[in-house]
Amino acid sequence: MKKIFCMLSLLIQVVVINAQNSVAVQPKIMVVPYVTEGVDIRQTIENDPNVRVVLSKIREAFDKRGFTTVDFEAKLKAQSANNALSQGAQSDLKAMVIQGSGADIFVEAEYVPTFSSSGNSVKIIMKALDVSTGAALASKDTYFGPKYTEDMGLLAGIAMERVADEFLSTIQMKFNDIVANGRSINIDFKIGAMSALTMNSEVGSDALPLSDAIEIWIGDHAYKNNYHIQGTTDLEMIFDDVHIPLKDDNGNNYNINKFGLEIYKFARTLGVKIDRQIRNNTLVITFN
């Protein structure tokens with residue numbers, strides 16, 4: 001009897017552990033308003049209360065389904081209150097808020113109202129993007145109306161309930177893949193116009209051709225050795241799919257900029273100098 005009890009206890013422990021391991025890691029999501037280039041995002045929120053209401057209804061739909069959300073408006077106010085911001089930095093305020101939010105994914109939402117004699121309608125256009133790389137993960141449009149009501153929040157809430165499950169399911173599936181396989185980025189290694197190097201130049205203590213030294217390093221540092229080379233010439237080497245981890249060894253968020261720093265350190269071991277730039281989801285490395 002005691003032996004059977006021990007076996008049952010062990011079986012229960014295994015089931016509990018497996019259940020815990022099967023729980024998906026949910027992304028932290030921030031909902032931000034869509035604005036066209038050159039438009040002040042603060043004025044968009046402040047001048048139209050319906051924008052704030054619609055953003056709140058989208059967050060509410062996510063919260064109801066157990067997702068952790070970040071309040072964009074609160075983050076925006078905190079960032080705007082920083083008197084150290086220069087005029088140039090103000091133009092990048094939206095990007096600064098997103099990058100400093102702590103969110104894994106941001107959902108850019110466009111609110112399109114229609115007012116007519118037959119009733120009012122609301123259309124919401126949403127796109128989910130990875131905060132770290134800017135890669136698109138999911139998109140969804142939803143619509144409700146016409147109804148004889150001035151309550152845009154009511155219309156937006158009903159519209160969101162129609163698509164929230166499907167939209168969040170797609171986001172979760174894409175995020176699960178990131179957790180398991182890392183984020184995909186592009187890396188473009190270039191030889192600068194004034195540099196004496198080529199991709200065939202021997203570098204480092206092993207005197208390997210530069211292109212070979214780069215590939216060996218990328219292979220060692222790409223998440224799960226997952227990378228792909230698009231092509232190599234004397235002056236350029238392009239990786240169109242390099243995976244980087246979601247978290248570093250200490251459990252902190254990892255991103256394309258941190259991977260660029262590791263490449264900078266690697267270049268120093270070769271005795272060469274580089275410049276780094278990030279353009280959307282591409283890390284551009286230029287050898288000087």
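The entries below go from the whole chain to single residues.

**Ground rules**

I am working with a predicted model, in which local features need pLDDT of at least 70 and side-chain atom pairs count only at pLDDT 80 or more, while totals for chains, interfaces and linings use all residues. Residues are numbered from 1 along each chain as its sequence is written, and side-chain values use heavy atoms, with hydrogens and water left out.

**Entry 1: the whole chain**

I looked up the secondary structure and found nine helices and twelve strands. Here helices (H or I, at least four residues) and strands (E, at least two) are DSSP runs, numbered from the N terminus. Of the 288 residues, 38% count as buried; buried means under 20% relative accessible area, exposed over 50%, and partly exposed in between, with a 1.4 Å probe and protein chains only. I then turned to contacts, meaning heavy atoms within 4.5 Å. Among contacts between residues at least 6 apart in sequence, 60% join residues at least 24 apart.

**Entry 2: the sheet with S1 to S5**

I traced an open sheet of five strands in the order S2-S1-S3-S4-S5, with mixed pairing. Two strands pair if DSSP finds at least two bridges between them. S2 (68–70) and S5 are the edge strands, each pairing on one side only. On average, neighbouring strands here are turned by 25 degrees against each other, direction ignored. For such angles, axes are lines fitted to C-alpha atoms, for helices over the stretch in contact, and angles run from 0 to 180 degrees between N-to-C directions.

Next I asked what packs on this sheet. Helix H3 (residues 49–64) does, touching S1 (28–33), S2, S3 and S4, and its direction makes about 160 degrees with that of S1. Helix H7 (residues 152–181) lies across S1, S3, S4 and S5, at about 165 degrees to S5.

I also followed S4 and S5, which pair in the antiparallel sense over nine bridges. Asn 120 has Lys 147 in S5 as its bridge partner. In S5 I noted Pro 146, and the peptide bond from Gly 145 to Pro 146 is cis, with omega near -5 degrees.

**Entry 3: two buried residues**

Is Ser 132 buried or exposed? Ser 132 has a relative accessible area of 14%, so I logged it as buried. Ser 132 is in the loop between S4 (119–130) and S5 (136–147). Leaving out residues up to four places away in sequence, Ser 132 touches Arg 183, Tyr 254, Asn 255 and Ile 256.

Val 163, in helix H7, is buried too, with a relative accessible area of 8%. Beyond four places in sequence, Val 163 is in contact with Met 126, Lys 140, Asp 141 and Thr 142. The C-alpha atoms of Val 163 and Lys 140 are 7.7 Å apart, although the two are 23 residues apart along the chain.

**Entry 4: the sheet with S6 and S9 to S12**

I found another open sheet of five strands, ordered S9-S10-S6-S12-S11, with mixed pairing. Its edge strands are S9 (227–232) and S11, each pairing on one side only. Its neighbouring strands are turned by 20 degrees against each other on average, direction ignored. H9 lies across S6 (183–191), S10 (236–244), S11 and S12, running at about 165 degrees to S11.

S11 (residues 274–279) and S12 (residues 282–287) run antiparallel, joined by six bridges. Ile 278 stands opposite Leu 283 in S12, and Gln 277 has Val 284 as its bridge partner there. S11 and S12 form a hairpin with two residues between them, and Asn 280 in the turn has a positive phi of about 55 degrees.

**Entry 5: the loop between H8 and S9**

I checked phi here, given that most residues other than glycine have a negative phi. Lys 224, in the loop between helix H8 (210–221) and S9, has a positive phi of about 55 degrees. Lys 224 counts as exposed, at 58% relative accessibility. Asn 225 is found in the loop between H8 and S9, and its phi is near 60 degrees. At 47% relative accessibility, Asn 225 counts as partly exposed.
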